[in-house]
Amino acid sequence: MKYKQHIFLFIAILIATISTGQEKDQGNSIGLLTSQTEFEVGSTVLLQFSSAEAVTPLLYCSNSYGSTVITPVLEETTLHYEIPDFIANKSGLVHWKLIHNNPTSGSFVMSPQKNVTTMETYIGPPTIEAGDIDYTMLVVIPTDSLDNPMPEGTPVMVDHRFLDTQTEEEIETKKIIGYKNISSRRKSGRLFIAAECLETHSTEYTVDVLPAIPTDFTISADRPHEYADGNQITSFYTSILRDAHDNIVSDGTFVTFFIRNKAGNVLKTSGTTVQGIATAKMIHPDQEEQWTVQAYVDGMAESNTISIAYQQVVKNVEIAFAKANREIQVGPLKSFMNQMIPDGFQVVLEVYKDNVLLETYTKTSRKGYVSFGLEEAIFKNDTYTLTIKTAGLEKNLPNIKLW
Amino acid sequence: MNRNILRSILIISYMIIIAVIIGGISSLYSYLNTGADRASILHTEIKKIDQYIPDVDWAPLYNEGRPMDQETLERIENNYLDAWYVKQIAYKTNTTSGIEDYYTENARKNLYNTIAHNTEEGVVVEATTLEHHPTLEFFSEDGQLVVITDHGVVEYKRLYKDEVLILETTETATYKIVLLLEDGFWRIRHMVKEYQEVYTEKERFDTLKDISVKGINYYPQATPWDMFGDGFDPEILSKDFQMIKDAGLESIRIFVQYDDFGKANVQEDKLQKLKQTLDLAERHNLKVMVTLFDFYGDYAVLDWTLNRRHAATIVSSLKEHPALYAWDIKNEPNLDFESRGEKQVNAWLQMMTSFVKNIDPDHPVTIGWSNAESAIILKDHVDVVSFHFYEDLDTLEDVYLYLKEEIPSKPIVLSEFGMSSYKGIWNPFGNSENDQATYHKEIQGIIAKHKIPSMSWTLYDFVEIPKEVVGRLPWQKNNQKQFGFINKNGDEKAAFKYISGE
C-alpha cells in the first residue's frame, strides 16, 4: 500500500515537473515565423515572431551603414517587426537579434532591385597619348533606384567610337564595379565612350587621344638678304613636327633654336608650334658672321644643323673732327649698294689716356652718321687716344689733342 | 617729531597708492596687448592626433587596375578609419558633424537616415571597431576610385534606449567598400555588408591549474607610483631586487601607468626602462607580474583602439622576456564601477583580456580585483583569478575557500595584502609596527596552510604619496605611507621577519 502511494506520488511529481517545464519553455520561447531570408530593397520587410507571453521585446537590427532598435506591434500571439525604410532600402546583409532573456538572432539579405536607374561612370585619365601603350579606364557602377550597386556579374556593354570605328564589348561587374581599359590608337583624335547596363544608358564621355612626343625634324632659314647690316631679320622654321605615328604634334610645342657664331657664343631664340611648325626670329649681325643653327624640343627631339653666312657691309670707317677736336663724326657708313646704312647701326667710341680706358660711349647711327661730343668738363685739354669700333672694324686714333 | 612721523607716513602711503595705481594700469595695458600669437592665425601646423587606431592588417597588394603605392594606401587607410570614427561619433551623439568629409553626398544620406531614426527612438549606439583586415580589390587608372573588401571587421557595439543599456555585442563582419577621391578626401561611396557572425573568443590554458607565487608588490622607496620617471635608477632596483631575493621571495608585481607611458604612443625611453627593470629582475632570478593601465579610468568605447595600441606595444615588446611572469590587465578596476558603470568597465576588461591573450599566448593574464566578490566577475576570461585582501584576517580563510569553490578550475592569487603601521594624529587608534608584524605572521600561516599564491603590499614605507593613489585626505595618505616592511629610514620593521613566511 505504502509502496503504491510512493509510486503515485513519484508519478504525480514527475507529471508536475514536466508540465511546468513545458509551460516555462513555452513562456520563454519566441519563435520566428517569417521564413523568407531574402528581400528586394524597397519592399516591406516584416519579421514576425510567435509569442505566448504578452511581452514586446525590442529587436536589434544592423545593416551596412548602422544599427538601430525596432519596437514591435503585438497582435494576439504574434509580434510584428517592421524593418524601417532606411534598412529595407539598402542592400547587404541585415543581422537581427531579439533583446530578450532568451535571445534569438538571425539575418536576412536585402538584394538590389532588378533594374538599373543610374549609371555612375568614371573615366580617366581624360587625355591619353597616341600609340599602342597608353590607355584610359572606364569604371561603371550601375545602381538601382535606391542607390544600391548591382550584384556581381551584372553585364555592362561598353561602346566606344574612334574616328570611323565603333566597338562594342561586354564586361561584367565584379566587386561592385565594372571596368574596361580602352587603349589609344595610332592616330590622334577623340574617343567617344558610353556604357549600357540592363537597358539604362550612360551619358557620352570623351577622351582626347593626343599626339605622342615629336620625332626628329629639320629646320630652314629665310632672310631678306645675306648682308650683316644689323637691321634685317632672319626667320627660322621647323619642318612639320610629327610623333612616331605621323600625328602632327600638339600646338604650342616649344622649340628652342641654338645659334652658335664664329666666336663660339650662343644666341638663343624660340617659338611654339602651330600646325606642327614652329617659327623663331633673329636680327642680322652687324659684321661678317657664320652661324650654325640647331633646334630642340627639350628632352624629346632635335633637328639637323644648318649654317648661314652673312657678308660684311661697312667696308671702311671715315672720321672727321671739329670744334677743337671735341666733336668726332663717324661716317658716312655705307651699306651693300653704297646706300646709307639704315638707322640704328652701332658705333662705339673709347677714350684712353696713357693706355687707361677713361670712358666708353655707345651710339647708333642716324642717316649714316654718328657724332660724339667730348665735354670740356670731363676731358681737360690734353692729348688722348681714341678708338672707334663698328661693324667689326676698329680704328685707332693716337695723340688727339683737345683744346 | 610727531609731525615728522606723520609726514613720512603720509609720503609712504602716497607712494604706495601711486605704485598700486601704476601697477594696475600697466597690467591692464599689458592685458589689452596680449592676444593670439600671430603665427597661429594661419594654422600652419596641423598635428595628427591619434583618435581611432584599430589594428589594420592589409592583405598583400594584388589589386586590379593601377598599381598601388604605399603613400596613397596610407592616405586611404587614414581616411577610411576616419570615416569609421566620424560614424561612431555620429551614432553616439546622434549628430551629423564630420560625416560630409568622409561620405559622398549619396552615401551620407544613409547615415543621416539612421541618425534620424535613432534620435526619434531614443537609441544611442556606442561602438568601435577593433580589427580591420582590408584587401585592396581595385584601384582605378586615374587614381580616383578604390574598391576594398574589409574582412573580419571586429565591431563592438553597445546600444542604449532611453539611456538604458539594452545590448552589448561583438560582431565580425565583412564589407565591400567603394571610396572616391573627392576634394582631397577619400570618401565612402558604397558600403555593403556581406557577412556577419558573432565574435567568438579563442580559449586556451586549459591545463593551467596550480601555480605557486611568493612575491611582493614593488615600488622603489624614493619614487613610488613614478617608477619609470627621471628618478629611475638601475642601481637602486638591483639592490632592492637582491634584498627581495635574499628575503626568500620569488616575484614582484610592478605597475605601468597609462598616461605616464604615453597612452597610444608608448614612449620608447619608458619602455626601455621597463625592459631594463625586467632585465634586472632576470639577473636576480625574480619573476615579474606587470600591471597595465594603472591610473587609467575612462573605459569609453571610442578609447578602446587607443588602449589596444598601448597594450599591444608593451605586451609585444616584453612577451619574450624570460623574467615575465604574468600580465595584470588593471589594478582594482572594480573601484571604477560606481563612476563608470559596472557593465562598461567589465566590457572593457573582457575586451582587453582577450586582446592581451591574443598577442601573448604564453603568459597568463589576470585582473587585480580589490576584493574577492569582484574576482568572480570575469573568471571565465582570465587565466588566473586574483584578488586583494585588506580586511580582517579572520575572514581570509573563508574568502579564499569560497573563491576556490566558485572557481575550482583556475589558480587563485592573493596579489595584494598588508597592513599599515601608521599610528598618529590622523589615526590615533591605528596599528603599531608590532601589530603589523603579528598580522604578517598570521597571514603567512594561512597562506602556508592553503598554499595560497600571494604577493604582499609592499617593500617600503613611502615619504610622498601622489594624490591619484588614495586622494588628498591626510589620514588616507599617511596610512598609505606605512605599509612597508622597511621604514623610511631604511631599517627593517618588525614585520620584515615574516616577509616570506612564518
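How many residues in the lining of the largest cavity are nonpolar, how many polar and how many charged? Keep in mind that the model is predicted.

1. **Class make-up of the largest cavity.** The opening question first. The lining has 6 nonpolar residues, 4 polar ones and 4 charged ones. The volume of this cavity is about 80 Å³. The structure holds 6 cavities of 30 Å³ or more.

2. **Who lines the largest cavity.** The lining takes in 14 residues. Nearest the centre are Gly66(A), Ser67(A), Lys87(B), Glu155(B) and Lys157(B). Look for both chain letters in that list.

3. **Which elements contribute.** Three elements of chain B each give two or more residues to this lining: helix H2 (70-93), strand S3 (123-139) and strand S4 (145-161). H2(B) gives the most, with 4 residues.

4. **The second largest cavity.** Here the volume is about 60 Å³. From chain A, the lining has Lys174(A), Lys175(A), Ile177(A) and Tyr179(A). From chain B come Glu64(B), Glu137(B) and Phe138(B). By class, that makes 3 nonpolar residues, no polar ones and 4 charged ones.

5. **The largest pocket.** Now turn from cavities to pockets. The largest pocket has a volume of about 690 Å³. It is lined by 22 residues. Closest to the pocket's centre are Asn331(B), Glu332(B), Leu335(B), Val469(B) and Val470(B).

6. **What builds the pocket lining.** Strand S10 (324-331), helix H13 (467-470) and helix H14 (474-481), which belong to chain B, are the elements that give two or more residues to the lining of the largest pocket. The pocket lining divides into 10 nonpolar, 6 polar and 6 charged residues.

7. **A hairpin in chain A.** How do strands S26 and S27 of chain A pair, in the parallel or the antiparallel sense? S26(A), residues 319-322, and S27(A), residues 327-330, are antiparallel, and 4 bridges join them. Together these strands form a hairpin, with 4 residues between them.

8. **Details of the hairpin.** Find Ala322(A) on the structure. Opposite Ala322(A) stands Glu327(A), in S27(A). Then look at the turn. Lys323(A) sits there, and its phi is positive, at about 50°.

Terms used: Residues numbered from 1 in each chain as written. Chains lettered and ligands numbered in written order. Predicted model: local features only at pLDDT ≥ 70, side-chain atom pairs only at ≥ 80, totals over all residues. Heavy atoms only, no water. 1 Å grid on protein atoms, 1.4 Å probe; cavity = no way out; pocket = protein on both sides within 12 Å on 5 of 7 lines; lining within 4 Å. Points joined across faces, edges and corners; volume = space filled by probe spheres on them. Nonpolar A, V, L, I, M, F, W, Y, C, P; charged D, E, K, R; others polar. Pairing = 2+ DSSP bridges.
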